[in-house]
Amino acid sequence: MNERLDVSGPSHPDHLFTWLDVNQYFAELARQGRWPGWLREVDAYWDGVRVSVAPSTRPDDVWEWLRDVLGPLTVEPARGCLLLDDAGEERPLSVIIDDQDEIPDSADRRPRWTDRRVVAELADPLPVPTAPLPHDRPIVAFHSFKGGVGRTLHCVAAARKLAESGQRVLLIDADLEAPGVTWMVAESIRIDFAYEDFLALVQGSADSSFAEAISLGRKFLVNQELDGVLVMPARRSHHRLSPPQIEPVDLLTADRSPYILSDALAELGHTLGADVIMVDLRAGVSELSAPLLLDPRVSRVFVTTISDQSVKGTERVLYELAQRAPARTEDDPDCSLLLTQFSGQDHGERLAEVAADLRRAAYAVSATSRDASTVDADIAIPSMTSEFNPALLNLPASWEAVIDLVERARLAQALAPLIDSLPRITPVDQIPAEPEPASLDAIRSRLAEVAGNLVFAETSPEIDFLVTDALRNLAEAHRTELPIEIVVGGKGAGKTFTYLQLCRRSTWAEFAAAAGVDDATLRIPTIPVLASTNLGDHSATAINERRIAEASRLTGGIAAGSQTVREIVEDALASELTSSGWRKVWLTCFARAIGLNTTPDSVEDSLTAFARTSSVIFVIDGLEDLFPEFVEDNRQQRALRALLVDCPEWLRTLRGRPLGMVAFVRRDLVQKAIHQNVAQFEKRYEKYALRWNREEALRLAAWVCQRGEALKASADSVRTATADRLSDLMSTVWGDKMGTPKSKEARSEVWFFAALSDFRQQIQARDIVSFLSEAATASIGADRWSDRVLTPVAMRSALPRCSSQKIEAISLENRPVGALLDRLRALDADQRKLPFTLESIGLTAEQAQLLDANGVVFREADHYWIPEIFRHGLGFDVAGGRRPRVIAVANLVRRRNDIAG
């Protein structure tokens, strides 16, 4: 059932000054369902009130009810009148009770704020549109209760972003009193056709085809294109200052559909070849906006600041929509919310509170409540945010300058949930043919197998790998100079897999070529020093054999294996070594890996002598296995710090840098080991950090699907595809939406990222391939979804399994975090509620900080939240059975990370 705002009115009116107050009060009673069954209509005028009732209604019942709702001092049954407020002299308003023998005609209600008749039907929504928008052309209307909140700028930003993605957009300035877009384009294009022209032509149309309006609109609007956006200004002359000559409500005659304006705009958009119609509405509760705002088929975007007046006004508008024009079918879009002009540093708590309140109000407009995953429910009502930017206070005059400002302010990024939710108009000849169910199941089985083998890629003999920006940067920056770099990545980001690819290539140049850099000249051997214990037997054996062979060639000695290196470090941990002492221990490990039989006391001389005639690149991984107690143990932290800071500095002192080093390390180890200037350290190696941004995560998913034969594309096309192209490719795998194309479900891509990302805004490679494997397996046999490889049900069911697998992997790889997760999972069911306090579950501030650093929790005030990728496996629910504020908290996390960066 739809949740609604508490808008119950007073039991009696505060004042009745005129007949207008009488009509308004009875209309409000009708909307609240407080009319008795016998009351048909109330019609007040300047000197009387006609009360129409059902036949055989007793007059005494009428007068008794009037006294009940208006008060005994207002109603005078004996005199047959109501008494209006006065200043000393009575002001009676006569009452006529009209006993109707026949049922009156139903009220012809139109999408406008002011109803023509006060009837019982006001308790019901407006008439349901008889058909979808013509040609399924989506109309997106931006509205705000107050002006000056950034509505127009964000509408323009959304239009421009859609045009950049290859969609054709019709942008309409429907603010006939204070046009904004019109002023932007006035100096950039010749305005031959405007919104006022279109309204007048539609009003004068003899039939419902709007032939003249459509043909004239097409003739001139094609010449009013700017950067892929067709612009229809409010009026032809922006210099004319006068009230509008015609208004949208003038179209709402009794002989036409109540939704004539929406239908006409959709027809115009179709004729122009527009994929989306964007409309910038008049602010406030205005009849200029009513016909579109009260059409449930229109995607309504509400823009507001977090000021109380703007928020309360927006809530009230949303309530009115819930009562007058709620979504009535699954195809009717949900409302969207955009919060603007706040400071992420100062307004975090207020922003979260406002977002939650507005989402509840907007949810009341939805067609149905959703009993799906929490990811689905939160994405259903996008709560988008756009932080205050002082540059937007001084808007330039031209369209070009405005677009430049919009792009520099990155406004379109805030609108990503809205843009992603819009349906795409795909020409029939571009719709791929549906595969046969039997072959589809074979594809699903193949994808499940390939993705399953890659879940723990370090155990696979596969030597191909996906080139990410980080790896390309690493190769490009060291074409002619040996790398001395630290590669930082989260758990499951692919550190060990990348280490394996580097060690499988005999030289740096071979690795660079595999990373797409063909002109690297460094034919220098890469020498494994330390490896993860998670390597498969095949990989570990191959690496050890190459290490011994290379050592024999370089020094004539026998290389020490990973186990010997571990013993050297473990023995050193028994002593209290200084930073200098630890540096020599690590250099000894390097020397032993190339067959130099030396000790810490003489290692620097030994390596220096070797470097005069030879060059190598030392490669290190598996540090989390070597230092399982790094959170508490100061010795382990000191050892890590020496490897990450002191060893690179010593190697850089060697003239010509003959010795290189690439160390793979988890981010939480870095943060514990480097107590000072950790941000500066991470900034230094930022270009090489293994972070899967949105585009690279999509590329990895597409790469796995291509190898699993679920994607009809070449490997090269996947490697070079743009982000938009990757979205298109993956839509053939998991569909455009988590449901049918016309459903109100979330876009599959948006759901995917919301489901798998942690609170550090990270999505890990292992989780991606694990998800693909689980979803492909669960999709086998799903004949209903013949248009995609991965079905919505399978994708949702894969999330809890991936969550459990992620927690199990962390417990093995990161013992301190794993121990804390085990504690959370072992809590009683009544304790596993979100949000929680540290006291309620027995965690210390330091333990919470460790979980925070690994993206497991986020602190909002004194309460903590858990992301979906962890929540399912830990068995946490939301207190009180409420929906988790997943998206609102994720937005707070994003702003925190932006500020920290």
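How many salt bridges does a search of the whole structure find? The search finds 53, a salt bridge being a side-chain nitrogen of Lys or Arg within 4 Å of a carboxyl oxygen of Asp or Glu. The model is predicted, so local features need pLDDT of at least 70 and side-chain atom pairs count only at pLDDT 80 or more, while totals for chains, interfaces and linings use all residues. Residues are numbered from 1 along each chain as its sequence is written, and side-chain values use heavy atoms, with hydrogens and water left out.

Side chains of opposite charge can pair when their charged atoms come close. One network of salt bridges links Glu28, Arg31, Arg109, Asp115, Arg316, Glu320 and Arg324. Within it, Glu28 pairs with Arg31, with the closest N and O atoms 3.9 Å apart. Both residues belong to helix α1 (residues 19-31), and because they are 3 residues apart there, about one helical turn separates them. Helices here are DSSP runs of H or I with at least four residues, and strands are runs of E with at least two, numbered from the N terminus. Glu28 also forms a salt bridge with Arg316, at 4.0 Å from N to O. That pair links distant parts of the chain, since Arg316 is in helix α9 (residues 308-324) and Glu28 in helix α1, 288 residues apart.

Arg31 is buried at 12% relative accessible area, whereas Arg316 is partly exposed at 35%. Buried means under 20% relative accessible area, exposed over 50%, and partly exposed in between, computed with a 1.4 Å probe on protein chains only. Arg31 is also 8.0 Å from Glu121, C-alpha to C-alpha, although 90 residues separate the two in sequence. Glu121 is in the loop between β6 (118-119) and β7 (139-143) and is partly exposed at 29%.

Another salt bridge joins Asp192 and Arg190, at 3.0 Å from N to O. Here Asp192 is partly exposed, at 25% relative accessibility, and Arg190 is exposed, at 67%.

Thr152 is in helix α3 (residues 151-164) and is buried, with a relative accessible area of 13%. Leaving aside residues up to four places away in sequence, Thr152 touches Gly180, Val181, Met184 and Asp280, a contact being heavy atoms within 4.5 Å.

Helix α24 (residues 634-652) has 19 residues and should span 27 Å at 1.5 Å a residue; its end C-alpha atoms are 26 Å apart, which agrees. The expected span is 1.5 Å times one less than the number of residues. A kink of about 35° is centred on Ala642, where the bend is the angle between axes fitted to the seven residues ending there and the seven starting there. At the start of α24, a side-chain oxygen of Asp633 comes to within 2.8 Å of the backbone nitrogen of Arg635. Buried residues of α24 include Ala642, Leu643, Leu644 and Trp650.

Trp650 is also among the residues touched by Leu607, along with Leu587, Ala591, Ile594, Leu596, Phe618 and Leu659, not counting residues up to four places away in sequence. In soluble globular proteins, nonpolar side chains tend to be buried together. A nonpolar core is a set of buried Ala, Val, Leu, Ile, Met, Phe, Trp, Tyr and Cys residues joined through side-chain atoms within 4.5 Å. Of the 157 residues in the largest such core, Trp586, Leu607, Leu623, Phe627, Phe771, Leu790 and Leu821 touch the most other members. A second, separate core of 66 residues includes Leu251, Ile277, Ala322 and Ala325.

Technical notes
Polar contact = N/O pair within 3.5 Å; in protein donor to acceptor, adjacent residues only side chain to side chain.
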